[in-house]
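Keep the viewer open as you read.

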Amino acid sequence: MSVTNIMIVGVGGQGTLLASRILGAALASEGYDVKVSEVHGMSQRGGSVVTYVKYGEKVYSPIVEKGEADIVLAFEQLEAARWLEYAKPSGKFIVNTQKIDPMTVVTGAAEYPDGVLEKLESAGADVFALDALPLAVEAGSAKAVNVVLIGAMAARTSIQKDVWIGALKSTVPEKFLEMNLRAFELGYSKV
Amino acid sequence: MKHLFLGNEAVARGLYEAGCRVASSYPGTPSTEVTEYAAEYNEIFCEWAPNEKVAMEVAAGACIAGARSFCGMKHVGLNVAADPLFTVSYTGVNAGMVVVVADDPGMHSSQNEQDSRHYARAAKVMMLEPADSAECLAYTKAAFGLSERFDTPVIIRLSTRIAHSRSLVELAERVDAGLLPYEKNPGKYVMMPAMARGRHVVVEERLQKQTAWCEDEAVKSGLNRIEWGSKKIGVITSGACYQYAKEALGENASYLKLGCVYPLPVDLIRRFAAECETVYVIEELDDFIEAHCKKIGVNVIGKETFTLLGEYSQAMIRKAVLGTEAEFLSTDLSIPARPPVLCPGCPHRGLFYALKKLKVFVSGDIGCYTLAAFKPLEMMDTCICMGAAVSALHGRNKADESNAKNSVAVIGDSTFMHSGVTGLIDIAYNRSDSVVVILDNSITGMTGHQQNPTTGYTIKGDPTAAVSLEKLSEAVGINRVRVVDPNDLAETERVIKEELAADGPSVVISRRPCALLKSVKRNPPLKSDPEKCRSCKMCMRIGCPAISMRDGKSAIDFTQCVGCGVCKQMCKFGAIM
């Protein structure tokens with residue numbers, strides 16, 4: 001079978017790393033060969049971050065290049081646009097509609113563009129957008145945005161729901177598990 | 001059962017399984033997690049050393065004492081540890097000693113892009129390079145055996161994409177390597193001219209034996225291996241580039257994958273190249289393998305096709321070798337850059353704003369605070385390497401004594417322990433009128449919260465002695481030592497101004513814990529009242545990512561704000577509460 005390439009993109013501090021670990025754990029428990037490429041260090045500090053998750057019978061490269069991603073899970077609108085070229089023309093975008101101003105916008109050196117999602121669609125991208133922040137707050141914490149988004153993506157893969165739940169249990173600390181399970185459910189049921 | 005392990009985690013597992021007993025490292029992205037994971041095994045004594053030189057000397061001492069030992073560092077850390085490395089190459093080991101060095105092609109989190117393979121050749125030390133987590137584990141275990149067999153330290157070279165990628169590994173039990181007896185042997189362990197001359201002979205003979213091993217046993221064990229596909233294209237490669245090449249070219253090429261990058265085989269490369277029509281050497285950064293091939297008369301294509309800069313990928317190899325490119329979508333949207341920034345509530349923000357108001361020259365250093373070089377703070381003039389803030393400021397102030405009244409050094413607590421204190425001794429000893437600001441945030445921040453000699457805790461979280469920055473500064477001869485809370489903007493500015501005006505050297509300790517520490521209490525998020533906001537944008541000058549302008553008024557993102565109150569001090573209209 002061919003390799004499926006997933007990119008998780010967002011802003012440092014949004015929890016993309018944990019999301020990629022949950023995803024990796026779910027795929028590994030399904031018996032796939034899996035590679036997850038993470039970001040650590042300086043780029044984590046509020047900058048544009050990207051992690052790659054690849055799975056299939058045999059995965060070589062841990063990274064995803066232009067025109068290769070089957071799924072782009074974007075934690076922030078502008079970040080979805082930044083990585084547009086990395087998706088396959090047939091690739092799916094799952095986009096959190098939250099906007100976070102980059103420092104270049106805060107300082108007035110640049111403007112946050114209008115109509116990002118419309119632009120993605122007019123470029124030919126298959127976009128599913130949701131506002132994950134209120135769902136995360138509903139689940140119990142604004143920090144659970146990442147798990148809401150994992151839920152939304154999980155509903156769009158062929159992997160069974162209980163596998164995702166198992167992966168959450170194996171990666172999330174016990175005291176936050178219940179809240180994260182609620183967050184997952186809210187994202188999963190979003191269609 | 002297979003486990004999805006980070007490359008660094010797999011190296012740590014390899015240390016455990018190989019019976020490693022002593023590990024000493026200094027944190028540095030992308031190497032840090034090796035030692036963090038190793039610290040989870042109670043069988044390994046693990047520590048954060050003050051710097052990489054100390055770490056390597058600890059590992060050397062431990063291996064001579066008969067314990068399998070380890071030290072880990074990032075590429076620039078090996079510059080610091082190069083002094084012991086070159087001579088431990090001469091003494092050799094007793095029990096095995098393994099060094100991990102993690103390179104950072106593409107500079108995700110580094111100040112340069114040096115290729116550490118040159119150290120293996122320069123120090124005449126064997127170097128292995130794994131290509132995924134399973135190899136990280138296997139090579140680490142193999143490295144201990146090779147170290148003992150050839151009586152040499154062995155370096156394992158990682159790169160960011162190997163260190164920070166997760167892939168599947170299988171675990172095994174730990175072997176108890178025991179403690180080997182130490183036998184006094186000054187001819188081997190006391191390196192002064194008379195003995196070192198003899199040891200250099202041993203080192204050269206050792207390299208010959210290792211080269212023979214690369215041709216034969218390394219091939220039998222699969223460490224150096226040929227994977228035959230189409231013989232139209234031959235690829236000589238190692239590490240992450242092997243994975244990129246396999247994905248790009250698949251069965252369209254044959255591969256010579258080198259698990260040992262120093263020393264390099266001769267016959268094996270000649271035999272492989274002779275069977276292939278066109279041979280490429282695919283290696284990130286320098287032409288290390290390529291130069292070797294050309295030296296032994298093998299015609300290869302290398303850096304005339306592939307860049308010396310940055311990371312490689314399957315896409316760039318596919319384009320260079322096959323001339324094909326994937327299709328992709330594009331947009332005319334102009335997308336603003338999103339550089340990394342100081343976190344909301346970061347104690348460095350107040351300090352750098354105070355420096356900005358004082359309009360001083362800032363001699364900078366390595367850490368989160370280097371981010372103050374970016375807009376809107378833009379308060380860094382130089383950043384060279386760990387510790388250089390302090391010594392370079394001294395140099396600046398000696399170049400022109402009038403500089404002393406408008407220049408400061410900034411250096412973090414961990415970086416100061418690493419190599420800032422030696423610069424401070426220089427300042428005191430050589431009568432410099434310099435102001436050194438130590439940014440004490442109670443942790444090593446940028447690499448992800450490691451303890452250090454000032455925090456009072458070991459890597460395992462056990463309480464221990466803590467260096468007093470005040471007493472240390474006084475002890476080296478600094479008479480003016482002040483402590484400020486950087487979140488108090490007016491006080492911080494006042495104290496630094498006083499120290500700049502005062503004669504003689506000063507240390508200002510800017511003390512407040514990192515806002516990301518779990519022990520730090522978060523205040524409720526602040527709010528900006530749009531009725532009171534006059535849109536003056538003063539609050540934007542501190543570069544807090546939680547503050548932005550919405551409909552012409554200042555707005556604070558409640559998901560990011562930790563209530564540090566620095567912006568409140570900026571607002572003259574009382575709009576922020």
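How many helices and strands does chain B have? Chain B has 21 helices and 21 strands, where helices (H or I, at least four residues) and strands (E, at least two) are DSSP runs numbered from the N terminus. A quick word on ground rules: this is a predicted model, so local features need pLDDT of at least 70, side-chain atom pairs count only at pLDDT 80 or more, and totals for chains, interfaces and linings use all residues. Residues are numbered from 1 along each chain as its sequence is written, while chains are lettered from A and ligands numbered from 1 in the order in which they are written.

Now the overall build of chain B. Its C-alpha trace spans about 75 × 65 × 50 Å along the principal axes. For 577 residues, a compact globule would have a radius of gyration near 25 Å, and the 26 Å of chain B agrees with that; the radius is taken over C-alpha atoms, and the globule rule is 2.2 Å times the number of residues to the power 0.38. Of those 577 residues, 56% count as buried, meaning that 20 or more other C-beta atoms, placed from the backbone, lie within 10 Å of the residue's own. Among contacts in chain B with a separation of 6 or more, 75% come from residues 24 or more positions apart; a contact here is two C-beta atoms, placed from the backbone, within 7 Å.

Next, look for a sheet. Chain B has an open one of seven strands in the order β3-β2-β4-β5-β7-β6-β12, with mixed pairing (two strands pair if DSSP finds at least two bridges between them). β3 (45–48) and β12 (260–262) of chain B stand at the edges with a single partner strand each, so one side of each lacks a neighbour in the sheet. From one strand to the next, the twist averages 20°. Inside the sheet, β2 (residues 22–25) and β4 (residues 69–74) of chain B pair in the parallel sense over four bridges, and V22(B) has S69(B) as its bridge partner in β4(B).

What lies across β2, β4 and β5 (97–103) of chain B? That's helix α3 (residues 52–64) of chain B, running at about 165° to β4(B); axes are lines fitted to C-alpha atoms, for helices over the stretch in contact, and angles run from 0 to 180 degrees between N-to-C directions. The axes of α3(B) and helix α5 (residues 82–91) of chain B come within 8 Å and cross at roughly 25°. That makes α3(B) roughly parallel to α5(B), a label for angles under 35 degrees. In this contact, K53(B), M56(B), E57(B) and A60(B) of α3(B) meet D83(B), P84(B), L85(B) and V88(B) of α5(B).

H418(B) is buried, with 30 other C-beta atoms within 10 Å. Y26(B) is 392 residues away from H418(B) in sequence, yet their C-alpha atoms are 8.6 Å apart. Leaving out residues up to four places away in sequence, H418(B) touches Y26(B), P50(B), N51(B), M386(B) and G387(B).

Finally, bring in chain A. Here 49 residues of chain B are in contact with 53 residues of chain A. Strand β2 (residues 33–37) of chain A runs antiparallel to β8(B), joined by two bridges, and V36(A) has R166(B) as its bridge partner there.

Key
Parallel < 35°, antiparallel > 145°, perpendicular 65-115°, else oblique. Buried ≥ 20, exposed ≤ 12 C-beta atoms within 10 Å, placed from the backbone.
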